[in-house]
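This report describes selected features of one protein structure, shown below.

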Amino acid sequence: MAGNSSPVEELDHEIESTIRPQHLPRTKSSQSRLFAAFWIYGLINNVLYVIILSAAIDLVGANVPKATVLLADVMPSFFLKLTAPFYIHRIRYRVRIFILVALSLFGMQCVALSSSISARLFGVVLASASSGLGELTFLQLTHFYSPLSMAAFSSGTGGAGLAGSFLYLVATTWLRLSVRGTIFASSLLPLLFFLAFFWIMPQPDPHLASQSSTFASSGTAYSLIEDEDPSITTSLSSETGIDRESVRSRIDFSKAPSLEQIMDYMSRTVSRLTPLFCPYMLPLMLVYIGEYVINQGISPTLLFPIEEMPFTYYRDAYVTYGTLYQLGVFISRSSSHFVRIRRLYVPAALQLLNVVILTAQSMYTFIPNVYIIMIITFYEGLLGGAAYINTFLLVSETVAIDEREFAMGAVGVSDSGGIVVAGTICLYLETFLCAYQKANGRPYCGMP
């Protein structure tokens, strides 16, 4: 380069000569690859979660609350997300990819090949841990790319809901394939993470990546440059205010922290979480409480006599409701370029209203047919998907850039927290509603 180039320009040139130039997201081709990579992340990370919930009635039977599967499918993910802000920055992104692939692959095979409910639930737990790690990882990765990455990931998660529920509906309800074979085939899908991460995804913004230990310690070009030419990063530090030693200290494992340091770090982490709770985390949590109370606690009881529904078995209604819900999620998560919602408590209030309406329907049957229930279920999905994408878009637009990576991961706790609350409610709600229906001459909820 020319002798009067700035240190930043020199670093960019060094990076572009070290990695594949097409990895930098500056052309139409690289933008397409960025979208494809994050769409695959969203699709594959969520599709197994959706398949498990769609299969809940087949995994535990009609007489066991479907919230049993829901809690096994979300508790590990919730715990991981809740604790991750305290340690996730120490795990490199490429290591996370290997971990989540191994967990999901083994977990889904346990679900498919086991005969006992307890063994199946253990497999669900492993797949849930993978899903939680994946969502946290991919949301944090969007910090290093343009807003297109967030839109692609959100669309992919919506697509996962539709693809997972629809494929399970087609395989087990229309084609009458075995549940075991369907779930086993789906266990191979996480292998696509390797393709997306190592071959499709462009390299991150070098200036942002240099400030993150998860990239700085990953063995990529960014750390190699520092090793080969310390003058580059030294000059960069003076230009940008990035303290090279502070970055290095974030990945130094040679010194064990004291209890005082651990407590201080936890205190600072909690203080960073506090301003995120009311504007972002609480409304998203309320939306998820509402939709999962409906999906796992109320929808298994939204039944009519089999001759009044377009199904062969009562379990087909549960799978169909799930597919329509996921269709609504997909449409709304893919529509952020056209419709924006900045008042996040609006979809939360509307979703809780859906809970009231459908609970009353389960008890008193004032809605005359199943088709209106299907429309409400689709609308429920629209609200849930809109709340999700608009929450994270607002975080990316309003949170300071130096806090954004942390905020993306932290706000991700909200959906899992809401699902845990909903699952706990549903353990009792579905049992109550089903018993109420049977006592009033409607025994459909216990039928296959």
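With which residue does arginine 268 form a salt bridge, and how far apart are the closest N and O atoms? The partner is aspartate 264, and the closest N and O atoms are 3.0 Å apart. A salt bridge here is a side-chain nitrogen of Lys or Arg within 4 Å of a carboxyl oxygen of Asp or Glu.

The structure is a predicted model, in which local features need pLDDT of at least 70, side-chain atom pairs count only at pLDDT 80 or more, and totals for chains, interfaces and linings use all residues. Residues are numbered from 1 along each chain as its sequence is written, and side-chain values use heavy atoms, with hydrogens and water left out.

**Salt bridges**

Eight salt bridges are found in the structure. Three of them are set out below.

| Pair | Closest N and O atoms |
|---|---|
| Lysine 66 and glutamate 430 | 2.8 Å |
| Arginine 268 and aspartate 264 | 3.0 Å |
| Arginine 176 and aspartate 316 | 3.3 Å |

Lysine 66 forms its salt bridge with glutamate 430. Lysine 66 sits in the loop between helix 3 (56-60) and helix 4, while glutamate 430 belongs to helix 20 (residues 413-439), so this pair ties together parts that are 364 residues apart in sequence. Helices are DSSP runs of H or I with at least four residues, numbered from the N terminus. Lysine 66 is buried, at a relative accessible area of 1%, and glutamate 430 is likewise buried, at 7%. The term buried means under 20% relative accessible area, exposed means over 50%, and partly exposed lies in between (1.4 Å probe, protein chains only).

The salt bridge between arginine 176 and aspartate 316 also links distant parts of the chain: arginine 176 is in the loop between helix 7 and helix 8, aspartate 316 is in helix 16 (residues 315-333), and the two are 140 residues apart. Aspartate 316 counts as buried, with 1% relative accessibility, whereas arginine 176 is partly exposed at 39%. Both residues belong to a network of salt bridges that links Asp58, Arg176, Arg315 and Asp316.

The pair of arginine 268 and aspartate 264 lies within helix 15, where the two residues are four places apart and are thus separated by about one helical turn. An α-helix has 3.6 residues a turn, so residues three or four places apart point the same way. Arginine 268 is partly exposed, with a relative accessible area of 43%, and aspartate 264 is partly exposed at 40%.

**Helix geometry**

Helix 15 (residues 259-298) has 40 residues, and a straight helix of that length would span 58 Å at 1.5 Å a residue; the span between its end C-alpha atoms is only 46 Å. The expected span is 1.5 Å times one less than the number of residues. Helix 15 bends by about 75 degrees at phenylalanine 277, with proline 279 following within four residues. The bend at a residue is the angle between axes fitted to the seven residues ending there and the seven starting there.

Helix 4 (residues 67-83) has 17 residues and reaches 23 Å from its first C-alpha to its last, close to the expected 24 Å. This helix has a kink of about 30 degrees at valine 74, shortly before proline 76.

**Loop residues with positive phi**

Arginine 176 has a phi near 55 degrees, a positive value in a residue other than glycine. Its loop runs between helix 7 (147-174) and helix 8 (179-186). Threonine 365 has a phi near 45 degrees, also positive in a residue other than glycine. Threonine 365 lies in the loop between helix 17 (345-364) and helix 18 (370-398) and is partly exposed, at 34% relative accessibility.

**Cavities**

A search of the whole structure finds five cavities of 30 Å³ or more. A cavity is a set of points, on a 1 Å grid over the protein atoms alone, where a 1.4 Å probe fits but cannot get out; lining residues have an atom within 4 Å of a point. The largest cavity has a volume of about 280 Å³. Of the 22 residues that line the largest cavity, Asn46, Tyr49, Tyr288, Tyr292 and Ile419 are the closest to its centre. Elements that give two or more residues to this lining include helix 4, helix 15 and helix 20.

Technical notes:
On a 1 Å grid over the protein atoms alone, a cavity is a set of points where a 1.4 Å probe fits but cannot get out, and a pocket is an open set with protein on both sides within 12 Å along at least five of seven lines; lining residues have an atom within 4 Å of a point. Grid points are joined across faces, edges and corners, and a volume is the space filled by probe spheres set on the points.
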